[in-house]
Amino acid sequence: MGHIHTAGFCLAIFLGTVTATANAATIEPQDVVIRDAEVEASLTGSPGDPVEGSKWFKSRKLGNCLACHGNRDQIGEPFHGDIGPPLDGVADRYSEGELRAILVNAKSVFGPETIMPGFYRVFDGQRVREEFQGKPVLTATQVEDVIAYLKTLKEE
Amino acid sequence: MMVKRTKIAVLSAAAAGLVMSGYAFALPEGVDTVQVTATAKDHPLDEIYSGWHFRTPETQALQQDDFENPGFLWVEQGAELWETVDGSEQKSCASCHEDAADTMATAGAQMPKWNEALGKPVNLEQQINLCRSERMGAKPWKWESSELLSMTAFVRNQSRGTPVEVQIGGPMTPWFEKGKDLYNTRVGQLDLACVNCHQGYYGQSIRADRLSQGQSNGFPTYRLKWQKIGSLHRRFKGCMDQVRAEPYKVGSDEFLALELYVNWRGQGLPVEAPAVRQ
């Protein structure tokens with residue numbers, strides 16, 4: 001009896017701490033500073049999870065990076081798009097800060113004409129469907145997860 | 001009214017000022033081409049391709065055999081409706097327009113057209129409904145209703161092979177400009193415009209879909225995904241949904257303007273309705 005109680009209590013404290021840190025450190029989309037095509041610091045204050053990032057990469061509902069990019073690491077997934085360059089070895093081509101800038105707002109790196117969406121930006125007044133208004137495509141945590149995943153894509 | 005079906009549709013355009021050229025791969029005998037060279041001044045594309053060009057050989061073949069093409073179910077229903085008396089005037093389409101093969105041989109390729117009485121352009125669906133309400137004393141059909149889709153498919157099919165040609169001068173100009181503007185304006189959470197996908201990347205794949213130029217000459221189109229025929233405006237709506245934008249309404253002035261502009265971008269392509277798409 002006593003054991004169960006203690007465990008429950010500990011878990012509660014633990015959760016409380018995690019949420020508190022995440023809230024304090026998370027940078028909102030409108031506050032992200034892109035300097036020289038880089039965003040230096042993690043959007044959440046902590047590193048992402050590459051396993052989660054791999055999920056967002058292929059998810060049709062979230063990142064859907066695979067819609068436009070080939071990726072040998074996900075060769076088991078059907079239908080890789082070829083709108084953008086394959087992302088094999090992308091970690092060798094870009095620093096973490098550069099990858100973050102590309103993900104946050106691709107236009108800031110590739111120019112205003114790019115087809116690649118900004119994933120951590122908020123657009124106003126351009127017929128954004130109501131359920132998506134005021135929201136970026138990915139959360140700060142998801143962006144960091146994807147970055148952590150991209151960092152694993154190195155040429156052997 | 002009998003619907004004439006052919007095994008291999010002969011798609012050929014010989015419009016003045018259009019240079020025809022063939023495909024790089026072999027087409028079945030009798031099929032000419034569904035690619036034309038744009039010669040209009042300020043046309044954003046060099047070569048204009050029908051969406052047919054980008055589909056798999058299986059889907060292409062399905063479209064080209066009128067006996068296999070599922071879109072013909074709607075064409076058949078349209079043929080019946082053509083001769084069906086309806087409304088307070090006790091008339092059918094045939095009462096006034098007689099043999100559709102003669103009277104509708106070009107109309108389907110030339111919409112939207114300017115309507116003086118309304119002071120705006122009307123597309124094929126709207127013209128059909130105008131004839132119903134103004135000339136037959138019948139209730140207009142709802143957008144995407146089986147009746148309106150069938151009649152649109154039937155009339156457009158009468159114009160099959162006729163090169164698309166729309167008027168953009170005079171009072172049509174502001175509508176054309178509006179359509180062009182909509183085509184080039186980024187919308188939705190993904191912040192993309194029609195031009196980004198259909199001009200920049202046709203021939204390339206976005207996940208499982210090979211991008212076409214987003215041409216309109218095959219509409220209404222039977223989509224395997226929909227398991228039915230659908231209007232051009234429904235397709236516009238689908239594309240806006242994809243980028244997480246709030247779509248305009250089917251039949252709205254915005255989509256009408258967009259239709260005019262998209263048709264102009266495909267000027268010279270022969271009408272293919274009913275096309276088959278993935």
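This is a short talk about a predicted model with a chain A and a chain B.

First, the ground rules. Residues are numbered from 1 along each chain as its sequence is written, while chains are lettered from A and ligands numbered from 1 in the order in which they are written. Because the model is predicted, local features need pLDDT of at least 70 and side-chain atom pairs count only at pLDDT 80 or more, whereas totals for chains, interfaces and linings use all residues; side-chain values use heavy atoms, with hydrogens and water left out.

Let me start with chain A. Its mean pLDDT (the predictor's confidence in each residue, from 0 to 100) is 86, and 83% of its residues reach 70 or more. Where does pLDDT stay under 50 in chain A? That is residues 1-22.

Now chain B. It has ten helices and ten strands; these are DSSP runs, H or I of at least four residues for helices and E of at least two for strands, numbered from the N terminus. Chain B has 278 residues, and 54% of them count as buried. Buried means under 20% relative accessible area, exposed means over 50%, and partly exposed is in between, with a 1.4 Å probe and protein chains only. Take the contacts in chain B between residues at least 6 apart in sequence: 68% of them join residues at least 24 apart.

Next, a sheet in chain B. Three strands form an open sheet with mixed pairing, in the order E9-E8-E10. Two strands pair if DSSP finds at least two bridges between them. Why do E9 and E10 of chain B each have one side without a neighbour in the sheet? Strand E9 (228-230) and strand E10 (275-277) stand at the edges, so each has a single partner strand. In chain B, strand E8 (residues 221-223) runs antiparallel to E9, and three bridges join the two. In one of these pairings, B:Thr221 has B:Gly230 in E9(B) as its bridge partner.

Last, salt bridges. Here the term means a side-chain nitrogen of Lys or Arg within 4 Å of a carboxyl oxygen of Asp or Glu.

A:Glu52 is partly exposed at 23% relative accessible area, and A:Lys55 is partly exposed at 41%.

The side chains of B:Lys120 and B:Asp253 also meet in a salt bridge, at 2.9 Å from N to O. B:Lys120 lies in strand E5 (residues 120-122) and B:Asp253 in helix H10 (residues 253-265), both of chain B, so the pair ties together parts that are 133 residues apart in sequence. B:Lys120 is partly exposed at 22% relative accessibility, as is B:Asp253 at 39%.

In helix H9 (residues 232-242) of chain B, B:Asp241 and B:Lys237 are four residues apart, about one helical turn. Their side chains meet at 4.0 Å, N to O.

Finally, back in chain A, a network of salt bridges links A:Glu96, A:Arg100, A:Glu144 and A:Lys151.

Notes:
Contact = heavy atoms within 4.5 Å.
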